[in-house]
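Open the model in your viewer and keep the selection tool at hand. The stops below say what to select and what is there.

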Amino acid sequence: MTKKLSKSSLLLTQEELQKHILGMTLFNDLLARAVLEDKEACEHILRVLTGIKTLVIKKNKTQYVISKLSSHNIIMDVLAEDANNKLYEIEIQKADGGIAHEKRMLYYASTIINEYFFKGDQTYASVPELHIFYISQTDIWKLGKTCYPILKFLGDTNTPYNDGLHMCYINAEVNDNSSIAQLMQYFATADAGDFSQGKLSQCINNLKTTKEGLATMDNFSKQIYEAGINDGRAEGKAEGLAEGKAESIKNLMSTMNVSIDQAMDILKTPPEEHQYFKDLLAKEQ
C-alpha cells in the first residue's frame, strides 16, 4: 500500500471527513492502517485467517519498513508477533497492476526472514516461523477459490514439508461462505453498522462514527501525508550517498590502479552491495 495521501484531504471539514471515511473499505490505505494499528482488531483478523481462535498478538507494527540499500525496500501493511514468537505479515493488494505476485511474496518473505534471523546462529534454529497472507480484491489466480494456501510436500508423497514459511493468497471476489470469505466480504464493505466481525467491527464503528475515531483518522491522514514527503527526502538522500560511494570507488580504481572488487573491499563495502555498485558504474560507461 502506498504511504502517500493527497494534500487536499487535509483540508476536509469534519463533516466532509466523516462522509469520506464512512465510504472507505479495508482496501483503502488510510482505514486499513488505522485498523491494523489496533491490536484487538488485528488479532481478530489473524484468528480468522489462521483458524487459531486462541491466537494472541504480542506486538504489531503497521507500515513497517525494512530498508535495503542494494535492492528494493519493503513496506509491510502489518507485521505482527504472537505469544509464541511466530511472525505474521498481512499484505493488502487492491489491483493486479502487472505485479508478479508470487515473486513479490517470495521477496517479502526472504527480506523479513533475513531481518529477524540471528546472524551468529550457525544451526539456523533462530530462523523465524513466518506466515504471510496476501489479500486482494480480485481472484488474481482466477480459479474460483477464496483461499489459496501454498502447500509443500516431499517429492510425490503426501508427506508435508515444513520449513517454517507459510504463504496464502486470499481474495474478496469469490465467496465460498467460509469464515475467511465472510471476513473478506466485510473487508469489501467495512460497514460501520455491521457487527459480525467482533473486535474488528467495533474498531471500524469507532473510527467511522465517533468523535475520537474521526480524530484518529484525521491524525493518520496527516501522518501518512507527512511520511510521504519525508520518504521522498530520504530516498533522495540515499541516492546521493550511493552516488557518492560510487564516485569514491571510481577514484580508488583510478588512483590506485585496482579492480572494482578491490576498491570496494578497501571501502569496506558489504558483499551484498557489490553487484549494485557494479551495475551502477556499468551504466556510467
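**Stop one: helix H4**

Select residues 101-116, which form helix H4, with 16 residues and a reach of 23 Å from its first C-alpha to its last, close to the 22 Å expected at 1.5 Å a residue. The expected span is 1.5 Å times one less than the number of residues. Helices here are DSSP runs (H or I, at least four residues), numbered from the N terminus.

This is a predicted model, in which local features need pLDDT of at least 70, side-chain atom pairs count only at pLDDT 80 or more, and totals for chains, interfaces and linings use all residues. Residues are numbered from 1 along each chain as its sequence is written, and side-chain values use heavy atoms, with hydrogens and water left out.

Now colour the buried residues of H4, among them His 101, Arg 104, Tyr 108 and Ile 112. Buried means under 20% relative accessible area (1.4 Å probe, protein chains only).

**Stop two: H2 and H6**

Select H2 (residues 29-37) and H6 (residues 198-209), whose axes come within 10 Å and cross at roughly 125°. Axes are lines fitted to C-alpha atoms over the stretch in contact, and angles run from 0 to 180 degrees between N-to-C directions. Show Leu 31, Ala 34 and Val 35 of H2, which make the contact with H6 residues including Leu 200 and Lys 208. Contact means heavy atoms within 4.5 Å.

**Stop three: His 274**

Select His 274 in helix H9 (residues 274-284). His 274 is buried, at 13% relative accessible area. Leaving aside neighbours within four places in sequence, His 274 is in contact with Asp 261, Met 264, Asp 265 and Thr 269.

How values were computed:
Helix = DSSP H or I, 4+ residues; strand = E, 2+ residues; numbered from the N terminus. Buried < 20%, exposed > 50% of the residue type's maximum accessible area, 1.4 Å probe, protein only.
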